[in-house]
Amino acid sequence: MSDETIVRLQTHRKNVERYLRLLETALTDVEQQYIEKRLAEEGSAMDQLSLQMAVANALQKTCNQPPSDKR
């Protein structure tokens with residue numbers, strides 16, 4: 001996992017934590033809807049990064065395996 005990916009995941013996680021704290025405060029309906037939308041977007045971004053990491057790890061494992069001897 002690259003350092004950039006780690007930093008991006010940490011940033012999204014901190015944003016999620018901040019939005020969750022905001023939801024515990026008194027908000028108007030519009031503000032609450034906005035925060036919930038942002039939470040969903042941050043969650044999607046984290047999911048996408050996690051999927052990219054999983055694919056990259058799988059490809060790396062595949063590339064590091066010796067070729068099979070199929071004759």
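In which helix do R38 and E42 both lie, and how many residues apart are they? Both residues belong to helix α2, and four residues, about one turn of the helix, lie between their positions in the numbering sense of being four apart. The model discussed here is predicted.

R38 pairs with E42 in a salt bridge whose closest N and O atoms are 3.1 Å apart. R38 also meets the side chain of E41 in a salt bridge, with an N to O distance of 2.3 Å. R38 and E41 are three residues apart in helix α2, so about one helical turn separates them. Taken together, R38, E41 and E42 are linked in a network of salt bridges.

E41 has a relative accessibility of 34% and counts as partly exposed. E42 has a relative accessibility of 5% and therefore counts as buried, since buried means under 20% relative accessible area.

## The surroundings of E42

E42 is placed in helix α2, which covers residues 29-64. Which residues does E42 contact when its neighbours within four places in sequence are left aside? The contacts of E42 are then with H12, N15, V16 and Y19. The buried state of E42 thus accompanies a salt bridge to R38 and the contacts with H12, N15, V16 and Y19.

Helix α1 spans residues 3-23 and contains both E17 and R13. These two residues form a salt bridge in which the closest N and O atoms are 3.2 Å apart. Because E17 and R13 are four residues apart in helix α1, about one helical turn separates them.

Across the structure, the count of salt bridges comes to three.

## Aromatic features

A search of the whole structure returns zero aromatic pairs.

L9 lies in helix α1 and is buried, with a relative accessible area of 16%. L9 and L49 are 40 residues apart in sequence, and their C-alpha atoms are 7.4 Å apart in space.

T11 is likewise placed in helix α1, and T11 is partly exposed, with a relative accessible area of 38%. Between T11 and M46 there are 35 residues of separation along the chain, and the C-alpha atoms of the two are separated by 9.6 Å. A56 is found in helix α2 and counts as partly exposed at 41% relative accessibility. A56 and T5 are 51 residues apart in sequence, with a C-alpha to C-alpha distance of 12 Å.

## A nonpolar surface patch

Which residues make the nonpolar surface patch of about 290 Å²? The patch is made by L51, V55 and L59. L51 has its place in helix α2. With a relative accessibility of 57%, L51 counts as exposed, because exposed means over 50% relative accessible area.

Definitions and conventions
Residues are numbered from 1 along each chain as its sequence is written. This is a predicted model: local features need pLDDT of at least 70, side-chain atom pairs count only at pLDDT 80 or more; totals for chains, interfaces and linings use all residues. Side-chain values use heavy atoms; hydrogens and water are left out. Helices (H or I, at least four residues) and strands (E, at least two) are DSSP runs, numbered from the N terminus. Buried means under 20% relative accessible area, exposed over 50%, partly exposed in between (1.4 Å probe, protein chains only). Contact means heavy atoms within 4.5 Å. Rings of Phe, Tyr and Trp (its six-membered ring) pair if their centres lie within 6.5 Å; planes under 30 degrees apart count as stacked, over 60 as edge-to-face and the rest as tilted. Patches are made of residues with over 30% relative accessible area and no salt bridge: like charges are joined within 9 Å, nonpolar side chains (Val, Leu, Ile, Met, Phe, Trp, Tyr) within 5 Å. Accessible areas come from the Shrake-Rupley method with a 1.4 Å probe; for residues, only the protein chains shown count as cover. A salt bridge is a side-chain nitrogen of Lys or Arg within 4 Å of a carboxyl oxygen of Asp or Glu.
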